[in-house]
Each structure stands twice: as structure tokens, then as C-alpha cells.
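Please read the numbered points beside the sequence and the model.

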Amino acid sequence: MRASKYLIATVKETPSDAEIVSHQLMLRAGLIRKLASGLYTWLPLGLRVLQKVSQIVREEMNKSDAMEVSMPVVQPSQLWEESGRWQKMGPELLRFKDRHDRDFCLGPTHEEVITDIVRNEYSSYRQLPANIYQIQTKFRDERRPRFGVMRSREFIMKDAYSFHASQECLDETYAVMHQTYCNIFDRLGLNYRPVIADSGSIGGSTSHEFHVLADSGEDEIVFSSESDYAANIELAVGTPAPVDDEDDGESKSRELVNTDQASTIEEVASKLETSPQRILKTLFVHAANDEGERTGNLVALLLRGDQELNETKISKISGIASPLEFADDELIQKKVGCSVGSLGPVGLSDLGIRCIADNSTSEMHNFVCGANKPGHHFINANWDDDCSPDAIMDIRKIREGDISPDGKGTLSIKRGIEVGHIFQLGTKYSAALNAKVLDKNGKSVVMPMGCYGIGVTRVVAACIEQNHDAHGIIWPDAIAPFQLVIILIDAHKSEQIVEFGNSLYEQAQALGAEVLLDDRDKKTSPGVKFADSELIGIPHRLVVSPRSLADGVIEYKNRVATEKQLIETDAIASFLQQLFS
């Protein structure tokens, strides 16, 4: 491709509304242009990258024996009513009516559509497993689109759905897809982690997210220093450092002490000259009945004073109202007879309040806790008849340095950008849409499903977040818009420059390289050409200039190298062969 006939839409200034690096560089490098809030046009350079990502995804999905289809973006409301999501999904589902006053939506995902296809086309377990995917545009009417294509309203996604005759079959396909995703992200050249994750509103049980590690990531992920353990911080488990034993394990008698106005963990620790680790923290949330409806009762949550509550873990516990909401001071005063600041577990069972303690509290003894009396705490409290939890569970948020759950190493916390997510959906959608097959015994069974998504447009942005410097983007070779740029200097003054540049261009193309020949005229200075090549992020650069040709050399620079190389002109063919063979 010749730059003189190609849209090189680079800009020097950083757009004021671009908050993160990927958004800034995608605009400056001329990859995208904003049409409206959350809507972007992909320009030629950006589209080349997007197509390369899509092709790698497609090739690896095909290797896994998945079948590609193309489903409509516009979906009828009837299918969403069958699944129950027409009413449940919020305003991010863009609904509209056609000219016949029939309800439709723009698809944010395709569980209903694919299940409708499979229930009509599959009838026997012999046809299963079936794994069907597409790479297609989605639309979600985000309340606050931001960060460019990282969180836009319209985006391209690879979504796959698998159907099975048994859970065992689903487990096998899930493992294949997990490996397929690793293969995809390996080929893309990304530093990523697959982590145990929450299935969220889409439903299902087993779930893994794939995160590209980047400081700008919105999610926190946890992984072990010595094993493969990794999880989203919402679901991560581990063991905190034990509390230093100050009294050789001997239990003492509980004592009521006046703590005056001290109400926070830090204030109480200072007042009593102890550490937050030795204080029991008590939080109150609303209780729920078996149907999930709020009852007006409370549930007490007990943690070590140096630990934080993990709200995702709490929301999964039966008997706690969802969405999780902390009780206000008025209700706590009414139920417990004391306001926030002096609350504790002693005597709560007598008040009919359920107590759930975190695992890290089970070994605590001679600890400090609120006495449920204003301005007072107990010291040397221990677990006994009037101070004991109804259940001990993992309800805390993991902290840096915790011991890995497999006992191998300690846990680190990094920020990540979610670019892929795989789920075991179970029968949530297949049961709702009555998608059944006959099993080997001739019995009609609902098909368990798997769901596997990759945000293709988000991958492009995540790659830039992970790979850039002060000069611009640093693309991995596999998805760079061009592999090589050949820059001609003062070509308007020398026919020899033009001829040699064209020769290099043809040689590199013959080797299968994707080449941009920067033959722009004298109005584009050498400095602009160099700056554009680095901003766009092309991995390899050759410079042909009158001075270098006179010396019998060509200048080469790798995008990530600090030094330039001089390649002799009679060795350039073998050099290109080494680069692109």
C-alpha cells in the first residue's frame, strides 16, 4: 500500500475528551473517528487491525470444531419474553417497534436467538455437542459510554454457544474453549490471565474471565506467585496472615470497658492500644426470605478489623436481601438498641439476629468487639454460648500478600481489562425456550449450554493500553496494520530513491509482508513521516535517503529498539528474508 493513496489521518494534539491512552492513541493514529456518543467509525488503519484480531479468533474457533453463523442484529421481542429477559433487562436493551407496531430490540447478545435455532434444528444427542459462533456487531445502550471503544454502545463481539446432552459433555467443551481462548490470546501477543469469575446477570455456574494486564484496567484480578491460581477479586479466596498471639493462646475473661467517643476500628485500636487485627468488626445488612424478599430482619456480618467485606460473595448467600443493602442507623438502633460504633456479636442470638462470620475470625480469641452499649466495647471476648456465629464463611475481600488457597505462594493483585468471558450456563435459557433432544435412552432432556464471548473491538483497545510508549502504539506483529513501513526521503529530488524504494516494496511484498510505502510528497517532511510511523506503531521501518544510498546502506529500526541498524544495500534481500520468512 502506498501512503500517497492511503488515508493516513494522524493528528498531533490529544483530543480533550479522550481519558485513557488507548482512546487517545486510536484517535491520534487515525484508527477511529467518533460519530456520536459511544459510536465510532473504523478508518482503514483501524479496520486492518480489527480484521486481523477477528481472523485469529475465527481460525482458533474453527480449530476447536465450532461452526460459524451470522445471526440478525435485530431480534423480536417474543424470544426475549420466552426467556424472561424482556422485562428483566434494563434500558441498555434498546427496544423499538416496526411499522406494524411489533416489538423488537437491537441484540446485545444472542442466547435467545441461538437457542431458537438449535431447538428447531437438533433433535438427538447424536448431533451433540454443537458449538456455534459468530463475529458480529452488538448494541448496548450504555448509560455512560466512555473510554472510546473500550466501553462503547456499538461494538464487535465473538459470541459462541454450545449445546450438550449431559453435564459431562459440557465440561469437556468448556475445557476445550478455555484452551482455545488461551491459544487466541497467545497468538495476539497479549500478557493476560484467565481468572475464576462471577457469572453475573447472564446466569450459570462455572465461569472464567480473560484479562489483559494493564494499569488502566477497571477490574482487579488476583493471582498466585507460585501456581496457576487466578481469580477476579470478587471471587478470590485466600488466607490472611494470622494474628500475632499476645497471650500464648490462653483465654481470658471478657471485660466491659468504656471507649468514650471511639467508634471506628482505628479509633478503638488507638484507645485500647491494640491492633485492628484483634478487633472484630460487625456490619448489619437486610435479611430476606426463601423467595428473596426483604423481611425487615437483620443479618450480622463479622470480620476481622483489618479486613474488608466482599459484597459479591455476600450477595450469593441465601437469606440476605439482594441487591445488598446495609441497614441504616435507625433500624439498627431499633433492633439492637445501640447505634453504629459500638456494635458486636454478644447477645445477638437472643435477639433472633443471624450472625455470619468470616473464616479469618474463627481463630480469633481474646479479641475486642462492640458491646452493643453506646461508648462501650468488650476486651478479651471469645467465642462462647452468647457470642458465636451461626455460620462461618468466606466473606472477605482478598488482600495483597494473602496465602494462595492452594498453599503455593502468596497472592498479588493487579489491574486487568476483561477481553473474554466463558460460562457454563446450565439450562437457564434452554429450559425457558424448551430446547430439548432425545438422549441415548430415548428420553427427552433439556440441553445444558455453554456461552463464550470475546470483545473483539475491546481487544484492540486493551492491546494498546498494554503496548505503547511516549511516541505512540507498539503493536504485536500479529495484529499490526502493516508489518513494515518504507520511508522515502527527498524522493522528489532523486529517481534512484524512488527506484530503490519500489524495489524494496516489491521484495517485501513477494515475501508475504504487509508493507506501507511512505511515498508522500515533499509537503510531508521526514520528521512527520518518522513520527507517523511510531504513532501508528508499525513494527519494522526502513529508511531510504540520498545520504544512505550514497554510503551503500539502508537504515533499519525496530519499533521497540532504541538503536538503528545500517544494512548494506547488497544484503537487504537476505535481511528481508530473515524478517518475513
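1. The accessible surface of the protein amounts to about 26800 Å², and carbon and sulfur atoms hold 46% of that area. Areas of this kind come from the Shrake-Rupley method with a 1.4 Å probe; for residues, only the protein chains shown count as cover. Of the 581 residues, 52% are buried, where buried means under 20% relative accessible area, exposed over 50%, and partly exposed in between (1.4 Å probe, protein chains only).

2. The model is predicted: local features need pLDDT of at least 70, side-chain atom pairs count only at pLDDT 80 or more, and totals for chains, interfaces and linings use all residues. Residues are numbered from 1 along each chain as its sequence is written, and side-chain values use heavy atoms, with hydrogens and water left out.

3. The secondary structure consists of 15 helices and 30 strands. Helices (H or I, at least four residues) and strands (E, at least two) are DSSP runs, numbered from the N terminus. Along the principal axes, the C-alpha atoms fill a box of roughly 95 × 65 × 45 Å. Among contacts (heavy atoms within 4.5 Å) with a separation of 6 or more, 69% join residues 24 or more positions apart.

4. The protein carries 62 positive and 86 negative side chains, and the centres of the two sets lie 7 Å apart. Lys and Arg count as positive and Asp and Glu as negative, while His and the chain ends are not counted; each charge is placed at NZ of Lys, CZ of Arg, CG of Asp or CD of Glu.

5. How is helix α1 (residues 21–28) placed relative to the rest of the structure? Since 6 of its 8 residues are buried, α1 is largely enclosed by the rest of the structure. The buried residues are Ser22, His23, Leu25, Met26, Leu27 and Arg28. They pack against β1 (32–36), β2 (39–42), α11 (456–466), β24 (468–469), β25 (472–473) and α13 (526–536). Just after α1, glycine 30 adopts a positive phi of about 75°.

6. Helix α12 (residues 495–510) has 16 residues and spans 23 Å from its first C-alpha to its last, close to the 22 Å expected at 1.5 Å a residue. At its start, a side-chain oxygen of serine 494 comes within 3.3 Å of the backbone nitrogen of glutamine 496. Buried in α12 are Ile497, Phe500, Gly501, Asn502, Leu504, Tyr505 and Ala508. Their cover includes β26 (484–488), β27 (515–518) and α15 (572–580).

7. Valine 437 belongs to strand β21 (residues 436–438) and counts as buried at 1% relative accessibility. Leaving aside residues up to four places away in sequence, valine 437 touches several others, including Tyr122, Tyr125, Leu128 and Met447.

8. Two cis peptide bonds deserve a check. One runs from leucine 128 to proline 129, with omega near 5°; proline 129 sits in the loop between α5 (111–121) and β7 (130–139). Another joins serine 322 and proline 323, with omega about 5°, and proline 323 is in the loop between α8 (311–315) and α9 (329–336).

9. Aspartate 65 is not a glycine, yet has a positive phi of about 75°. Aspartate 65 lies in the loop between α2 (44–63) and β3 (67–68) and is exposed, with a relative accessible area of 65%. Glutamate 273, also not a glycine, has a positive phi of about 55°; this residue is exposed at 76% relative accessible area.

Conventions: Expected span 1.5 Å × (residues − 1). Polar contact = N/O pair within 3.5 Å; in protein donor to acceptor, adjacent residues only side chain to side chain.
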